[in-house]
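My notes follow the display.

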Amino acid sequence: MQVCLASTSPARLMLLRQAGIEPLTRAPETDEDAVTAQAAADRGADLPPDELVLLLARAKAADVARRLAAETPEFDGIVIGGDSMFALGGRVYGKPYTPDEATRRWREMRGATGVLHSGHSVFRIRPGQEPREATAVAEASVTFAADITDAEIAAYVASGEPLHVAGAFTVDSLGGAFITRVEGDPSTVVGMSLSTIRRLVNQLDVSWPELWS
């Protein structure tokens, strides 16, 4: 059973490898801003984070599944797509990208608890058959230490790690020391919920051990 990860995220790739799966990786050609704007225009309001991460996960997985079926018609397996956002104090955060924004977020997160929303989309692809899809959203609450100093925030931001991850933090690398509690599937905070992916794969009549390398 082949597996394709519709993402270039090192964290998601690491999770699958740790779970015994060695996937192909394809970068989705998805304009996330355009997808988000169109959805907001259709509804007349911004989507809540759980709906937004699922929308983007589905768009990414569908794009890669479509291109994979066209370019590699003999592909027989699954395509996994995901998206994550962090909600805190009524605001939703993706990647900060700049040191100033990452610093601002960390000062806000200090001593607070937020929720990491992770959307998952899994496509089952078989030669000569229509793709089948299963989707779900997983959530995990994250509590940050109250005694994080400005110097520690500055050093963490200077490392570059928080600039390109949802919420400006990691739980499995440098940022882990600043997190005091995680409620929910810990892998959700890393990049995607493995238990959720397993459940979706089962819904598509694929046994999880079939994916092991």
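I count two strands as paired if DSSP finds at least two bridges between them, and I take helices (H or I, at least four residues) and strands (E, at least two) as DSSP runs numbered from the N terminus. This is a predicted model, in which local features need pLDDT of at least 70 and side-chain atom pairs count only at pLDDT 80 or more, while totals for chains, interfaces and linings use all residues. Residues are numbered from 1 along each chain as its sequence is written, and side-chain values use heavy atoms, with hydrogens and water left out.

Entry on strand 3. I looked up the partners of strand 3 and found that it pairs with strand 4 (residues 91-93) in the antiparallel sense over 3 bridges, with A87 opposite V92 in strand 4. The hairpin of these strands has 2 residues between them, and G89 takes a positive phi near 60° there. Strand 5 (residues 113-125) also pairs with strand 3 in the antiparallel sense, over 11 bridges, and V79 has F123 of strand 5 as its bridge partner. Strand 1 (residues 2-5), by contrast, runs parallel to strand 3 and is joined to it by 4 bridges, with Q2 standing opposite G77.

I then checked burial, where buried means under 20% relative accessible area, exposed over 50%, and partly exposed in between (1.4 Å probe, protein chains only). Strand 3 (residues 77-88) is mostly covered, with 12 of its 12 residues buried.

Entry on helix 4. Which residues of helix 4 (residues 99-109) are buried? I noted A102, T103, R105, W106 and M109. They lie on the same side of helix 4 because they cover an arc of only 165° around the axis, the arc being that of the directions from the helix axis to the C-beta atoms. What covers these buried residues includes strand 3, strand 4, strand 6 (132-144) and helix 5 (150-158). Just after helix 4, I found G111 with a positive phi of about 80°.

Y97 is not a glycine, yet I found its phi positive, at about 70°, and I placed Y97 in the loop between strand 4 and helix 4. A168 is another residue other than glycine with a positive phi, near 70°, and I placed A168 in the loop between helix 5 and strand 7 (179-183). I also recorded that A168 is buried, with a relative accessible area of 0%.

Methods:
Contact means heavy atoms within 4.5 Å.
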